[in-house]
Amino acid sequence: MNTKATASSGIQIDWKRIMFLMIGIILFSVVYYSPPWPDALDPMGKAFTLSPQGKGAIALFLLAGTWWVFEVVPIGVTGLAIGVVQALFFIRPAADAFKDFMDPSVLFIFGSLIIGTVFTKVGITRRLAYKMLIIVGERTSMIYLGCFVVTALLTHVMAHTAVAATMYPLLLSIYALYTDEEGPTKFGKGLFMGMAFVAGAGSIITLLGAARGIVALGFYEEITGKSVSFFELTYYMFPIGWGMVFILWGFFMVFFKPEKAVIPGLREKAKQLSHEMGSFTRHEIIATGIIFGVILFLSLQSFIPVLKPFNKAAVLLVSTILFFIVGILDIGDLEDVPWNIILLFAGAMSMGFCLWQTGAAEWLAINWLSFFQNAHWFVFVMAIAFFVMVMTNFIMNVAAIAISVPVALVVAPYLGVAAEVIVFAALVTAGMPFLLLVGAAPNAIAYNSGQFTSGEFFGYGIPASILLMALVALAVLLIWPLLGMPILL
């Protein structure tokens, strides 16, 4: 069915786009103007009232989700709309709604994108791409695997946002050797979407991959009085994270099997191009030194107490400033920053804080978990993992952890469930938001390739999320008990 019609003036009307635009507005209006909703009751019987502002936050949540999935306007414009709606409908003061657009997390993403730009400009990504292709060879299935493994390995020592920004230009270089044709291909979709998914899978394995682990373990220690060490987390997460990496490799080989099984002569071409690049240039050496220094500092923050107070975004932005001081970047590079992606995450950050500060997220979490407080322990654990998985696609995974884990840890003893399995199950799904671009920075960075739409990302994210939940179930029932994790009290 053709969803576009041509008016007598010759202007094309995209009825499908208009339909989803209106669906978002209708959902917002129905929820925003509905009568007050009933209170949520936590396991201790405490009532949580949903304020008009909280109800407005849920209405905005539905509007933004609809517009993002169906891309009725550019994703960055939907991000802007989030701030505008909060201000005009008095959900939050404008100063609060728009302040979040320059949250340190948004600036961290900006700094990560700048690092990706530098890698491309000085030639580091092409050099790395050629070396990797020489190793993995000419089979596209092995190129998939090689890219996924490198992505996962990097997330063990640096934030997955920075990893995605590093891998993105490298994948562009590899893809350029695959085809000269414009437009998306199956291989392109699998390469970039796969990088985003795998960056999430790898980031759960150590505390260096993302901030969510520190937050979850902080709640765990505060509520239970017990702590989980850096290496203990890795011990339990390693088989799950790497298991998901290889499951995703199979997933993308099924759904996005490359058009070419082999790229004849690729290895020799990569050798030739690598040779032509010659020795490292002055700019490559300077850029590598700056980037390595920043990554080393951020990595050591988890081990050296005196470094912990330094804000991660501020540290990363030191590299951005240095790139301009030493002349690697200029004003043209600043103007080429993908602001659509920046605005997307700025809006997502504002949306997350809106749900949190108005109490809407807590109200949703308590209502959801109350359905399962008398359920079988396994159903309860999976319900928590599922809730975190869904919420982390819309709001910061740190926030998803913060609103759900404390409530779950209160309920867990009544069902005889150990606190450890609650925290680890939540951390697994918090790291892999496969449905929406706003769920994690790697999703949005991969989208910048133009290989897939937000609707395609959502569509293929559904079966990937089902596989994720199946792996969590296997971990809870088999893998973690075998590794010695307490499951039941």
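**Note on a predicted helical and strand-containing model**

1. Glutamate 71 is found in the loop between helix H2, residues 52-70, and helix H3. The model discussed here is a predicted one. Although glutamate 71 is not a glycine, its phi is positive, at about 50°. Is its side of the picture one of burial or of exposure?

2. Phenylalanine 90 is located in the loop between H3 and helix H4, which covers residues 94-99. Its phi is near 55°, again a positive value in a residue other than glycine. Phenylalanine 90 is exposed, since its relative accessible area is 67% and the exposed class begins over 50%.

3. The overall picture may be given next. The protein contains 22 helices and four strands. Its C-alpha trace spans about 70 × 70 × 45 Å along the principal axes. The radius of gyration is 23 Å, and because a compact globule of 489 residues would have a value near 23 Å, the two agree. Of the 489 residues, 55% count as buried. Among contacts between residues at least 6 apart in sequence, 78% join residues at least 24 apart.

4. Helix H3, residues 75-88, contains threonine 78. Threonine 78 has a relative accessible area of 1% and is therefore buried, because the limit for that class is under 20%. Which residues does threonine 78 contact, once its neighbours within four places in sequence are left aside? They are Ala64, Trp67, Trp68 and Val73.

5. H3 also packs against helix H16, residues 339-357, at an angle of about 35° and with the axes 7 Å apart. The crossing is left-handed. On the H3 side the contact involves Ile75, Gly76, Val77, Gly79, Leu80, Ile82 and Gln86. On the H16 side it involves Asn340, Ile341, Leu343, Leu344, Gly347, Ser350, Met351 and Cys354. The residues of this contact divide into nine nonpolar, six polar and no charged.

6. One member of that contact, Cys354 of H16, also bears on the matter of cysteines. Cysteine 354 is buried because its relative accessibility is 0%. Cysteine 147 is likewise buried, as its relative accessible area is 1%. How many disulfides does a search of the whole structure find? The search finds zero.

7. Helix H11, residues 230-255, and helix H22, residues 454-483, pack at an angle of about 150°, and their axes are 10 Å apart. This crossing is right-handed. H11 contributes Tyr235, Tyr236, Met237, Pro239, Ile240, Gly243, Met244, Ile247, Phe251 and Phe255 to the contact. H22 contributes Tyr460, Pro463, Ala464, Leu467, Leu468, Leu471, Ala475, Ile479, Trp480 and Leu483. By class, the residues of the contact comprise 19 nonpolar, one polar and no charged.

8. Helix H2 contains isoleucine 58. Isoleucine 58 is buried, because its relative accessible area is 6%. Not counting residues up to four places away in sequence, isoleucine 58 touches Val31, Trp37, Leu50, Leu355, Ala360, Trp363 and Leu364. Isoleucine 58 and alanine 361 are separated by 303 residues in sequence, yet their C-alpha atoms are 8.4 Å apart in space.

9. Helix H14 is the place of alanine 314. Its relative accessibility is 44%, so alanine 314 counts as partly exposed. How far apart in space are alanine 314 and phenylalanine 108, C-alpha to C-alpha? The distance is 7.8 Å, with a separation of 206 residues in sequence.

10. Glycine 327 lies in the loop between helix H14, residues 312-325, and helix H15, residues 331-335. With a relative accessible area of 42%, glycine 327 is partly exposed. Glycine 327 and methionine 351 are 24 residues apart in sequence and 37 Å apart in space, C-alpha to C-alpha. Met351 is among the H16 residues that meet H3.

Conventions. Residues are numbered from 1 along each chain as its sequence is written. This is a predicted model: local features need pLDDT of at least 70, side-chain atom pairs count only at pLDDT 80 or more; totals for chains, interfaces and linings use all residues. Side-chain values use heavy atoms; hydrogens and water are left out. A disulfide is a pair of cysteine sulfur atoms within 2.5 Å. Buried means under 20% relative accessible area, exposed over 50%, partly exposed in between (1.4 Å probe, protein chains only). Helices (H or I, at least four residues) and strands (E, at least two) are DSSP runs, numbered from the N terminus. Contact means heavy atoms within 4.5 Å. Axes are lines fitted to C-alpha atoms, for helices over the stretch in contact, and angles run from 0 to 180 degrees between N-to-C directions. A crossing is left-handed if the near helix is turned anticlockwise from the far one by less than a right angle, and right-handed if clockwise. Ala, Val, Leu, Ile, Met, Phe, Trp, Tyr, Cys and Pro count as nonpolar, Asp, Glu, Lys and Arg as charged, and the others, Gly among them, as polar. The radius of gyration is taken over C-alpha atoms; the globule rule is 2.2 Å times the number of residues to the power 0.38.
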